[in-house]
Structures are given as structure tokens and as C-alpha cells.
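Visitor: I would like to go through the side-chain contacts and backbone details of this model. May we begin once it is on screen?
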Amino acid sequence: MPKKVFVSGCYDLLHSGHVEFFRQASQYGDLYVGIGSDATVLHYKNHKTLYPEQERLFMVKSIKYVKDAFINQGDGVMDFIPTVEALKPDVFVVNADGSNELKRKFCEERGIEYVVLQRTPAEGLQARSSTDLKAETCSIPTRLDLAGTWIDQPYVSYLAPGWAITISLEPTFEVRDRCGLSTSTRKVIQKIWPVKLPDMEPEMLAKLVFCFENDPERSDGIISGAQDSIGICIPGLCRHYYNNRFWPEKIETCSDPAVLDWLEAHLVLIPLNPRKPGCSVVAGKDITEDKVNNLADAADECWKAILACDLDGFAAAYRASFAAQIAMFPAMVNPVLSGEDGPRPENSIQPFIDRWSAEPGVLAWKMPGAGGGGYLALVVDDSAAFASAHSEAIDLHIRRK
């Protein structure tokens, strides 16, 4: 009797990459597909589907490699749980960029074989992904913070000034919401310039974005840190100096190809689950002058190590910066959800840090942005080798201009 094979996704922009994925997955047995509901897509990705769920169900069911398909009745990134519990598959197949530790653990607990496939096109066809299709119409970059961040908030830098360090990234992977890569600022940019950044002086552009995002009429009273707009709008490697003000006193950049190539050779992202709704990363914050000085000192050491292409020094400063961040904001790793009195073990990111920090070749780690979920950003011996050995790993491309 053939094994039951399960895959899950939204399949809103159905394309040849999906069909080839179904073909490859069907080689493991009879293929069943779980499809994200309209409500799940709206809640999880904050946009309506191009095709309603019944139309997507019809299209997927019509593909010859698919035995049957269903609309998932759960929600969020694990919306397939009720479908899996009813179907009881033998094998769960995911694409490399859709794999994460929660899915792997879910399968291990139920005795389901977990298979990760690399994205490969059908013979004679161009590689396709939903991210690629979206990128053809939107090339807005994102940013990764490397060290010193949180100091862009005046309630931190008033105790001690210091630098934040960011890199601007080409959107060569799916930039997921609520994952620490400044998607909120990126969406603000897309309201003005939907396709690409305008050709203008980067620092002025960053300031325009910062002012637009932080409209004085904004009802939540939150001021987004300037490191988001600066990290997106200023290409290459950048550091910005904060001293009890929202906008930095000075900005320095590095566009040396040798330095940027070196950084790319030692950085990867590992996808985790998005930050949960109602998650607070400032709950229980403990900001002192000594802790802010530790953050600032780590950023100084990180900048020097990067410019010197000193891997050991970079890793040490990267770890020190993250340690300083979580000393002030422990909820970055152990978030507190609304309605809860404090952090709960099931919401902790620490098990993921423990797992990935122990992997061979990993030298340092941190949560991007405010933490609470999203990604782990790792410093590794060799990013290409690490990505080859770990299908989940995402290699990065720093924007040059």
C-alpha cells in the first residue's frame, strides 16, 4: 500500500515550481495537499489572496500528481495540524525555505518522516518561486542589524551614546512578516514606491522614510527606530551613532567589495516561527548605564573586526552585542504574550538557540530586530558550506548600490 505523503502551502500564485514540487513529493507515495485558508493568509501574511480558497483548491486538485487536497482548518504557520491529525500521513515534505524546527519537531513527535527538498526546476524550465515572482515586481531591500541595535531608541541611548550596525539586503528570499527584518518599514516604503527605491541620496531617502513611518498622527504612540529606514535605504554596511535623539548624529558606511564579500561568506539566516500576535519584547526590560555601555562597546568591536575581516573578533563582538541586548530585553528570547503574567517555556526561543549554536561551524548567533521569533542570524565558518549542509539556511546578498 503506498505511503501517504503530505505537503502544505498557500498556492495562491500557482506556478511551475509548485507543480515540480508536487511531482517530486509524489515520488514518496500518494500525495495529499493542505491549502491555507483565505482567513489564514489574511491573518498570517496581512494581505488578501489573489484567488479565493475554493478556486485554489480546484486548481491544486486538478494537478495529476495530487491524490487529494483540503483547505487547512487551523491557523498561522501551523495551520495544517488538524489536516495532519485527520489524514495521518507517513511522510511530510517541505521545500528548504519552508522548513523550520517547529515543523520538524511536530513530525518527530508523531513518527512522521520529515523530508526537505531543495528547489529545483523541471527540466528545461526556469526556476520559479512565489518569492521570485513577487521580486519581479518589487525589489525593495530589507535590512539585517548586526550589532548595537536598541541604541537607536532615546530611552536607551540617553544613558550612553553608541553605534548601531546594519547591512542592506537584496530581497532574494521571502521577507516574512513579524520576523525581525523590518517588514513594517518595508511596507511603509511600498506605500510610496511600490516597485523599487527612488534614485536619490540614500541618507535623505532614509530620513524621508523615517518621517513618513512615524507620522505624528500615529495612534499607537510607538516611534520606530531609525536603524530600520537607514538599514534599508543605505546600501552596503552602515553604522549610525545615537545620542539621546531619534535620528543619529553621524552615519558611516563601507562599500568595499572585499569586506561585503567577506560578510556574505560568514552570515546565514535560519527561519523560525514569526513573532506571535500580542508578543511583547519590552516586558521586563532592565536598562542600566552599564548594560548600555556594554552594548556600545560590543558595536565598536564589531565594526573594527568587520573592517579587518577578523572572523574570531567579529564572532566575539556579535555574541557580546546580543548578550548586551538580552540583558536589557530578556523577552527578546523569552517573550511575554498579552494576557500572560510572564514568559512561558513554550514561547521561548532558547531551545532553537541551543540547537543551532551547537551546530559545527557556528561561531555566533543573535535574533534580528526586536527578537521574539522570526529568524536566527548566525555567524558561520563558511556560509556556502553551511547552507549546503543545512537546507534551512538562507545565504544573504548585501546590496551594493
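Visitor: Is asparagine 244 buried, exposed or partly exposed?

Guide: Asparagine 244 counts as partly exposed, at 43% relative accessibility. Buried means under 20% relative accessible area, exposed over 50%, and partly exposed in between, with a 1.4 Å probe and protein chains only. Please note that this is a predicted model, in which local features need pLDDT of at least 70 and side-chain atom pairs count only at pLDDT 80 or more, while totals for chains, interfaces and linings use all residues. Residues are numbered from 1 along each chain as its sequence is written, and side-chain values use heavy atoms, with hydrogens and water left out.

Visitor: Where does asparagine 244 lie?

Guide: Asparagine 244 is in the loop between strand S8 (237-242) and strand S9 (250-254). Helices (H or I, at least four residues) and strands (E, at least two) are DSSP runs, numbered from the N terminus. Although asparagine 244 is not a glycine, its phi is positive, at about 60 degrees. Most residues other than glycine have a negative phi.

Visitor: And what about the phi of serine 182?

Guide: Serine 182, also not a glycine, has a positive phi of about 60 degrees. Its place is the loop between strand S7 (162-169) and helix H8 (183-192). Serine 182 is buried, with a relative accessible area of 7%.

Visitor: Changing topic: how many aromatic pairs are there?

Guide: There are 15 aromatic pairs. Rings of Phe, Tyr and Trp (its six-membered ring) pair if their centres lie within 6.5 Å; planes under 30 degrees apart count as stacked, over 60 as edge-to-face and the rest as tilted. One of the pairs is edge-to-face: phenylalanine 6 and phenylalanine 92, at 5.4 Å centre to centre with 75 degrees between the planes. Because phenylalanine 6 lies in strand S1 (residues 4-9) and phenylalanine 92 in strand S4 (residues 91-95), this pair ties together parts that are 86 residues apart in sequence.

Visitor: Which cluster do ring pairs form?

Guide: Ring pairs link Phe6, Phe80, Phe92, Phe106 and Tyr114 into a cluster. Phenylalanine 6 is buried at 0% relative accessibility, and phenylalanine 92 is buried at 1%.

Visitor: What sits over the face of tryptophan 356?

Guide: Arginine 355 does, at 4.0 Å from the ring centre. A charge sits over a ring if NZ of Lys or CZ of Arg is within 6 Å of the ring centre and within 35 degrees of the ring normal. Tryptophan 356 is itself buried, with a relative accessible area of 0%. Arginine 355 is also part of a network of salt bridges with Glu101, Arg104, Glu359 and Glu392.

Visitor: How many salt bridges are there?

Guide: The count is 18 salt bridges, each being a side-chain nitrogen of Lys or Arg within 4 Å of a carboxyl oxygen of Asp or Glu. Among them, arginine 143 and aspartate 145 meet at 3.7 Å, N to O. Arginine 143 is buried at 2% relative accessible area, and aspartate 145 is buried at 0%. Another joins arginine 110 and glutamate 109 at 3.5 Å; here arginine 110 is partly exposed at 38%, and glutamate 109 is exposed at 55%.

Visitor: How many disulfides does the structure hold?

Guide: The structure holds zero disulfides, a disulfide being a pair of cysteine sulfur atoms within 2.5 Å. The sulfur of cysteine 279 is 11 Å from the closest cysteine sulfur, in cysteine 179, and so is too far for a bond. For cysteine 302, the nearest cysteine sulfur, that of cysteine 309, is 12 Å away.
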